[in-house]
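Dear colleague,

I am handing over the structure below, and the notes after it set out what was found. Please read them with the coordinates open beside you.

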Amino acid sequence: MSLPTPHYLIDEQALERNLKKVDALRGASGAKCLMALKCFATWSTFAQIAPHMDGSTSSSLNELKLGREKFGGETHAYSVAWSDGEIDEAIANADKIIFNSVSQLERFGGKAAHLPVGLRVNPGVSHSHFDLADPARPFSRLGESNRARIEAAMVRVSGLMLHCNCENDSFDALSALLDQIEQRIGDLLERVEWVSLGGGIHFTGENYPLEKLAERLKAFAQKYAIQLYLEPGDAIVTNTTTLEVSVLDIVENGKAIAIVDSAVEAHMLDLLVYRETANIAPDAGPHRYMVAGKSCLAGDVFGEFSFPEPLAIGDRISLLNAGGYTMVKKNWFNGVAMPAIAIRRRDGTLDLIRSFDYADYVASLS
Ligand SMILES: *Cc1c(COP(=O)(O)O)cnc(C)c1O
C-alpha cells in the first residue's frame with residue numbers, strides 16, 4: 001500500500017536506532033536527555049520517543065504545554081523572553097524554568113521561587129557553521145553574557161543553561177569547546193547543582209564516538225558535582241523521516257527539471273534558510289534532473305539528483321532527512337497542499353496519522 005503524496009514519512013525503526021544511542025549515552029554518562037520540541041514536535045511519535053528520554057524542553061509556552069501534555073517526564077520551560085501574560089501558565093506547567101536574561105530573572109524569578117530556577121548564560125564561544133544560528137554571534141541576545149550581572153544573580157539560581165552547539169558532529173570540537181567553557185565559567189559551574197549543555201551535538205551520527213562523549217560528560221559532571229542535561233532535537237530525528245513527493249511535470253530549460261507536488265519554502269524551509277540542498281538515495285545513474293517545487297518562488301529547488309531511469313510523471317521521489325525543523329516550520333505559502341504525516345510502523349505498515357485539507361488552509365487565516 002502507498003499513501004498519496006505529499007507526505008512526511010517517519011520510520012519507527014530508524015527512530016529506534018537513534019533512541020538506542022540516546023539510551024546508551026544516558027546510561028554511560030549519567031546525563032539526562034530532554035527532547036527539544038523546537039526541532040520536532042510531531043506528538044504522535046512521543047509514545048515511542050519519551051521512554052528513551054527524561055522529558056522535554058521548550059522555547060515557548062506552546063511547546064512547554066505540549067511537552068507537559070504529550071511527552072511527560074521532566075518538563076523544562078525556556079523562552080528567549082516570557083511575556084507578563086504567559087509567565088503564570090509557564091510556571092504552572094514547568095518542573096524547571098530557565099530565564100534567558102538577568103532582567104527576566106529579576107522580573108519573574110519571585111513567582112517561580114518554588115521551582116528550580118536556571119539562567120541561560122552565553123559563554124561567548126560556540127560551534128556553528130552558520131552565523132544565522134550561532135548563539136555566540138556578535139550582539140547575541142541568547143543568554144546573559146555580562147559577567148557582573150551573572151555573578152549577582154547566582155544566589156537566585158540552582159542551574160545554568162548553555163546552548164552553544166549547532167549541528168556539531170565532531171567530538172574533538174565539542175571537547176575543545178567544553179575546555180573553553182570550563183576556562184571561562186568553570187567557577188560558575190562549581191556553584192550550581194545542574195547544567196544543561198543544550199542541543200546541537202550530533203551524537204547519533206554513524207561514526208560518532210559515543211563512548212568518548214559519555215566519558216567526557218561524566219567527567220565534566222563529576223568535576224563540578226552537577227547533574228548534566230542535554231537537549232537534543234535534531235540528533236533524535238536525524239535520518240528518520242522522508243518527504244515523499246510525486247513528479248507532476250517535466251520541463252526543459254538548459255536542464256531537465258522535474259516539478260514535484262511540494263515546495264521547499266513551505267515544507268523544508270531550512271534548505272532555503274541555510275542554502276543547502278535536499279538529498280536522495282542512491283542519487284546515482286545517468287539521468288540528471290533538477291527537482292523543483294510547485295510554488296511561484298523562482299528558487300524553489302530541492303536539488304539536482306541522478307536517477308537510474310528517466311523520470312516520468314507520477315514517479316515518487318523520497319527526499320531524505322526531512323524530520324528535524326521541517327514539520328515545525330511548515331506553512332501555507334502559495335496555498336500548496338500541506339503534506340500529510342505518516343508513520344511506517346516496525347512491521348512495515350503505513351499509518352496515515354494526520355492529513356490537511358482546504359479547511360485547514362482557511363482556518364490558518366481569517
Ligand atoms: C535549538 C535548541 C536545541 C535543540 O538543538 P538541536 O540542534 O536540534 O539539537 C536545544 N536547546 C536550545 C536552547 C535550543 O535553542
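Isoleucine 317 touches Leu243, Glu244, Val245, Val247, Val260, Ile280, Val291, Phe307 and Leu311, leaving out residues up to four places away in sequence, where contact means heavy atoms within 4.5 Å. This is a predicted model, in which local features need pLDDT of at least 70 and side-chain atom pairs count only at pLDDT 80 or more, while totals for chains, interfaces and linings use all residues. Residues are numbered from 1 along each chain as its sequence is written, and side-chain values use heavy atoms, with hydrogens and water left out.

Ile317 is also one of the residues that touch the most other members of the largest nonpolar core, together with Trp82, Ile97, Phe302 and Leu319, in a set of 98 residues. A nonpolar core here is a set of buried Ala, Val, Leu, Ile, Met, Phe, Trp, Tyr and Cys residues joined through side-chain atoms within 4.5 Å; buried means under 20% relative accessible area, exposed over 50%, and partly exposed in between, with a 1.4 Å probe and protein chains only. Helix α7 (residues 171-189) gives this core its largest share, eight residues, helices (H or I, at least four residues) and strands (E, at least two) being DSSP runs numbered from the N terminus. Apart from this core lies another, of seven residues, including Leu34, Ile98, Leu142 and Trp194.

Turning to the strands, β11 (residues 256-260) pairs with β12 (residues 287-292) in the parallel sense over three bridges, pairing requiring at least two DSSP bridges between the strands. Isoleucine 259 has alanine 292 in β12 as its bridge partner. Strand β12 is joined to β13 (residues 301-307) by six bridges, and these two run antiparallel, with histidine 287 opposite phenylalanine 307 in β13.

Two further residues deserve a look. Aspartate 270 is found in helix α11 (residues 269-273), and counts as buried because its relative accessible area is 15%. Beyond four places in sequence, aspartate 270 touches Arg275, Tyr325 and Lys329.

Methionine 338, in the loop between β14 (316-319) and β15 (340-344), is likewise counted as buried, at 7% relative accessibility.

With best regards
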